[in-house]
Amino acid sequence: MKNSKFKQMKEKITEIMSNNLNIKFILYILILIVSLVLTSIFLVKALNFEEKVLNYKENGFLDYRVYLKDNDFYPNDYLDKDMIYVSSLIDYIDVDFNYNFKIDENIDANFTYDIVGKLMILDEKGSKVYFTKEYDLSENTTNEILNQNEFNIAKNIEIDYDYYNDIANKFKMDFGVETISYLRVYLTVKKTSKSELIKLDNVDSQIYLDIPLSQKSINMTIDYSNLNQSRSFIKEQTTALDNILYIVLTASFILLSIVILSKILYLIPVLFPSKKNAYDKYVNKILKEYDRLIAETNHCPNFSEYKLINIPEFKELVDVRDNLKKPIMHYILKKHEESYFYILDDVNLYLVKITNKQLEREKNGKNI
């Protein structure tokens with residue numbers, strides 16, 4: 001009787017331990033999730049993010065004077081900009097290009113620039129192109145700045161108005177078409193930083209002057225829209241740990257996460273074995289072959305209340321079932337390790353106990 005009570009107590013303890021392992025596993029998972037979330041929150045609070053922003057500005061200015069041929073109307077040699085000019089009186093146009101670049105800190109960079117004249121001959125509506133040609137009005141020049149924050153260009157050129165006007169007039173007369181013609185004179189500046197951290201705009205900067213051709217009188221126009229502007233960019237991002245409280249909290253939860261993770265890794269092979277052991281193979285075979293005879297149960301009877309009859313083989317329990325016409329009950333004592341198959345008949349309890357240890361011993365004994 002004492003042995004029976006001891007066995008029942010042992011079985012009860014084993015059952016509780018098995019259930020506790022599942023509860024512990026779930027609890028560890030929840031603690032790990034909370035710990036990782038808190039680690040992330042405290043780490044963000046511990047870090048001080050800083051961005052270094054650089055600003056730079058480009059400005060362009062264009063001035064011109066229209067020098068005149070000898071005439072009886074204008075006493076001066078030239079006329080200032082923003083006037084209307086009689087084409088036949090124009091000798092040449094004196095143009096001054098000015099460009100200024102300024103940035104927040106000293107940098108190393110290259111500035112490449114040139115001045116080009118583009119002759120455009122269009123239809124009378126100005127929408128279709130008859131003829132276009134480009135003329136290099138200055139050499140392509142590259143200037144380097146080292147450890148500086150400013151760069152300037154001052155360039156002067158003279159435009160021979162009659163040369164381009166004659167081309168436009170000749171085209172119009174030779175082909176007998178109505179045209180709109182002009183010469184666009186523009187300064188193009190390309191800037192390139194020598195540092196990967198300095199993200200200068202890759203778009204070429206331009207200012208230009210449009211000089212109408214093949215007209216009795218002209219009015220010139222200037223365009224700065226692509227040049228007079230300010231830009232900014234993030235040069236670099238830095239982070240620093242500068243809050244002691246959050247640093248300590250972050251380190252504490254990282255350590256807790258490591259400890260909990262180690263416990264989870266320990267329980268995984270116990271609760272979820274990757275390979276079926278001898279017990280799993282044997283019990284699964286029984287359940288598959290005798291499924292219609294077996295009923296699963298979550299209740300284990302108190303053996304002390306019955307006359308316990310141990311059956312050595314499951315097939316013998318099947319014979320008992322056939323004689324008594326009673327169902328075979330299956331109770332799992334410990335997952336992947338131990339379970340009971342039993343039949344209750346009044347005061348009698350017919351029991352087959354299957355354990356992985358016993359099956360492994362029998363297996364090893366056969367191998368020997």
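Two strands pair if DSSP finds at least two bridges between them. Strands here (E, at least two residues) and helices (H or I, at least four) are DSSP runs, numbered from the N terminus.

**Ground rules.** I'm working on a predicted model, where local features need pLDDT of at least 70, side-chain atom pairs count only at pLDDT 80 or more, and totals for chains, interfaces and linings use all residues. Residues are numbered from 1 along each chain as its sequence is written, and side-chain values use heavy atoms, with hydrogens and water left out.

**Entry 1, strand S7.** I looked up the neighbours of S7 (residues 179–193). Strand S4 (residues 90–123) runs antiparallel to S7, and 15 bridges join the two. In that pairing I found Ile-121 opposite Ser-181 of S7. Strand S8 (residues 205–213) is also antiparallel to S7, with 9 bridges. There, Thr-188 has Gln-206 in S8 as its bridge partner.

Is S7 enclosed or open? I checked burial, where buried means under 20% relative accessible area, exposed over 50%, and partly exposed in between (1.4 Å probe, protein chains only). S7 is largely enclosed by the rest of the structure, because 11 of its 15 residues are buried.

Patches are made of residues with over 30% relative accessible area and no salt bridge; like charges are joined within 9 Å, nonpolar side chains (Val, Leu, Ile, Met, Phe, Trp, Tyr) within 5 Å. A salt bridge is a side-chain nitrogen of Lys or Arg within 4 Å of a carboxyl oxygen of Asp or Glu. Areas are Shrake-Rupley with a 1.4 Å probe; for residues, only the protein chains shown count as cover.

I noted a negative surface patch made of Asp-70, Asp-77, Asp-91, Glu-158, Asp-160 and Asp-166. Asp and Glu count as negative, Lys and Arg as positive; His and chain ends are not counted. The charge is placed at CG of Asp, CD of Glu, NZ of Lys or CZ of Arg. Asp-91 sits in S4 and is partly exposed at 34%.

The nonpolar patch I found holds Ile-26, Leu-30, Ile-33, Val-37 and Ile-41, with about 450 Å² of accessible area together. Ile-41 belongs to helix H1 (residues 2–46) and is partly exposed at 38%.

Most residues other than glycine have a negative phi. Asp-82 has a positive phi of about 65 degrees. I placed Asp-82 in the loop between S2 (78–80) and S3 (85–86), exposed at 58%. His-336 has a positive phi of about 65 degrees too. His-336 lies in the loop between S14 (328–334) and S15 (338–345), partly exposed at 23%.
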